[in-house]
Amino acid sequence: MPQSHISKRIYHQATKHSYLSVQLDPNYVDAATQPSSFKVYPKFYRRVKLNLNNQIHSFISLTSAVTLEKMYKEGAVKLRVNPSAGALYPTEVYIQIRNIEGFINGIYHLEVENNCLTLIYELIDDGLESYIIPGKSINGFIFLISCVYYRSSWKYKDRSLRYCWLDSGHHLGAIAASAYIHDREIQLIFDFDKLALNTDLGFENKEFITACTISGEIQDKKVRNLRLKVPFVCGTDYFEANEFIEQGYQNTSLQPSRQQELVHPQFNFDKDKFFQTVWMRRSIRRFYKQSIPQASYWQLLQHIQQPIPTENFEELEIYSVVHHVRGMTPGIYKGKHLLKAGNFSEKTGYLCINQAIVRDSAVTLFFTSDYINYQTAMQIAGFLGQRVYLVSNFMGIHCSGIGAFYDDEIQEFLGTNQDVLYAIAIGI
């Protein structure tokens, strides 16, 4: 195997689960030691409270909003529009706003817990464009997704490298959903100078930029790098470094992704109902082995295969294990093509670390890829995962993302040499 092919897969290989690895390291943690999951700047920073009756405010708020608070014995957990592995929410959002009425031109932190924007940097002749799309200026919005990785590595250790990128992809999907509801066109960008931007944002080794989304009018105008380093605030109340995660992030940030023509998806959802779907989206915890209609499943596949609005891309293939779909033979499918017939519900449950929710689902989807850039591929898997959540929920079908599975055994089961990036179970 060529050396380049080995090197691009090293971080996936190093974070694989197997039956033995799970038994040897069941990964129990003390919930009392969980780091904080909300980043807040000092109180003297200028803030803009987001008003959902204002279209611009609503567009921004819905990208990250808290939609439900659940009480557990360890305390309250605030669930959001974007799903997250273990509800740990490592992602943060920063937004550059330029030439939008009612806002100072600047870089803002989206303070999710308090539904407000915190101004952390005022622009003059500088901005984020010089790192992302040099020679251009955007009248509108640049959303930056970052990961405070210790929120995830506290529990999931090295494998959290995967979860941070999946969560980043889910968050990009939440931005896309809000943009759709508010009639705004967006473009995702994965290939840009993330390391230089991390430095100028003052992130040290505690946070890193994963992707960005632009929305607005692009002009030919040179914008210089940030003239000052942005003051840093740690996103957790304490921090433990993980060299594997930091090195994996740096190496994959230097590797270009595949390229494609920018094409925007075309959806036709009732937007009031779609808003309610975004607001009410949840990760289901139990299925009841009920069948879903074949037409609904085909419609779901059609929607998730819509274009992703980005020029930086990694191709994903979609395998599915059909258990309970009316009118379909149970078995392993690639797209709509039946590869192997059979009742594999028990087998699929086992492969996803003996999770009953997978065994009892109507369908379990597996995303695989022969990627160049692992970081981009995982984020696209998360982005598509968010689509599965929203489209299935819109149709009255429940959904749950599955990040933990026996990698090599699933590859053999599906009959693919591609890496398995993500699994998603749907059903009723």
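Tyr-149, Tyr-150, Phe-208, Tyr-238, Phe-239 and Tyr-249 form one aromatic cluster. Rings of Phe, Tyr and Trp (its six-membered ring) pair if their centres lie within 6.5 Å; planes under 30 degrees apart count as stacked, over 60 as edge-to-face and the rest as tilted. The model is predicted, and local features need pLDDT of at least 70, side-chain atom pairs count only at pLDDT 80 or more, and totals for chains, interfaces and linings use all residues. Residues are numbered from 1 along each chain as its sequence is written, and side-chain values use heavy atoms, with hydrogens and water left out.

**Aromatic and charge–ring contacts**

- Aromatic pairs number 29 in a search of the whole structure.
- The pair of Phe-267 and Phe-269 is stacked, because the ring centres are 5.5 Å apart and the planes stand at 20°.
- Phe-267 is partly exposed at 23% relative accessibility, whereas Phe-269 is buried at 10% (buried means under 20% relative accessible area, exposed over 50%, partly exposed in between, with a 1.4 Å probe and protein chains only).
- The charged end of Arg-9 sits over the ring of Tyr-371, 5.3 Å from the ring centre (NZ of Lys or CZ of Arg must be within 6 Å of the ring centre and within 35 degrees of the ring normal).
- The ring of Trp-298 has the charged end of Lys-336 over it, 4.7 Å from its centre.

- Strand E17 covers residues 363-369, and seven of its seven residues are buried, so the strand is largely enclosed by the rest of the structure (helices, H or I with at least four residues, and strands, E with at least two, are DSSP runs numbered from the N terminus).
- Val-363, Leu-365, Phe-367 and Ser-369 point one way from E17, while Thr-364, Phe-366 and Thr-368 point the other way; all are buried.
- Strand E13 (residues 317-322) runs antiparallel to E17 and is joined to it by six bridges (two strands pair if DSSP finds at least two bridges between them).
- Seven bridges join E17 to strand E19 (residues 419-427), and this pair is also antiparallel.
- Phe-367 stands opposite Ile-318 and also opposite Tyr-422 in E19.

- Strand E15 (residues 331-334) and strand E16 (residues 337-341) run antiparallel and are joined by four bridges.
- Gly-331 stands opposite Ala-341 in E16.
- Two residues lie between the strands of this hairpin, where Gly-335 takes a positive phi near 65°.

**Second largest pocket**

- The second largest pocket has a volume of about 440 Å³.
- On a 1 Å grid over the protein atoms alone, a pocket is an open set of points where a 1.4 Å probe fits, with protein on both sides within 12 Å along at least five of seven lines; lining residues have an atom within 4 Å of a point.
- Grid points are joined across faces, edges and corners, and a volume is the space filled by probe spheres set on the points.
- Of the 22 residues lining this pocket, Ala-176, Ala-179, Tyr-180, Pro-265 and Phe-267 lie nearest its centre.
- Helix H6, helix H9 (271-280) and helix H13 (374-394) each supply at least two residues of the lining.
- The lining comprises 13 nonpolar, four polar and five charged residues (Ala, Val, Leu, Ile, Met, Phe, Trp, Tyr, Cys and Pro count as nonpolar, Asp, Glu, Lys and Arg as charged, and the others, Gly among them, as polar).

**Positive phi at non-glycine residues**

- Asp-183, which is not a glycine, has a positive phi of about 55°.
- Asp-183 is in the loop between helix H6 (160-181) and strand E8 (187-189), and is exposed at 61% relative accessibility.
- Glu-204 also has a positive phi of about 55° without being a glycine.
- The loop between helix H7 (194-200) and strand E9 (208-220) holds Glu-204, which is exposed at 55% relative accessibility.

**Loop between E9 and H8**

- Phe-232 is found in the loop between E9 and helix H8 (243-253), and is partly exposed at 24% relative accessibility.
- The C-alpha atoms of Phe-232 and Leu-201 are separated by 7.2 Å, with the two residues 31 apart along the chain.
- Arg-224 lies in the loop between E9 and H8 and is partly exposed, with a relative accessible area of 41%.
- From C-alpha to C-alpha, Arg-224 and Gly-135 are 8.9 Å apart in space and 89 residues apart in sequence.
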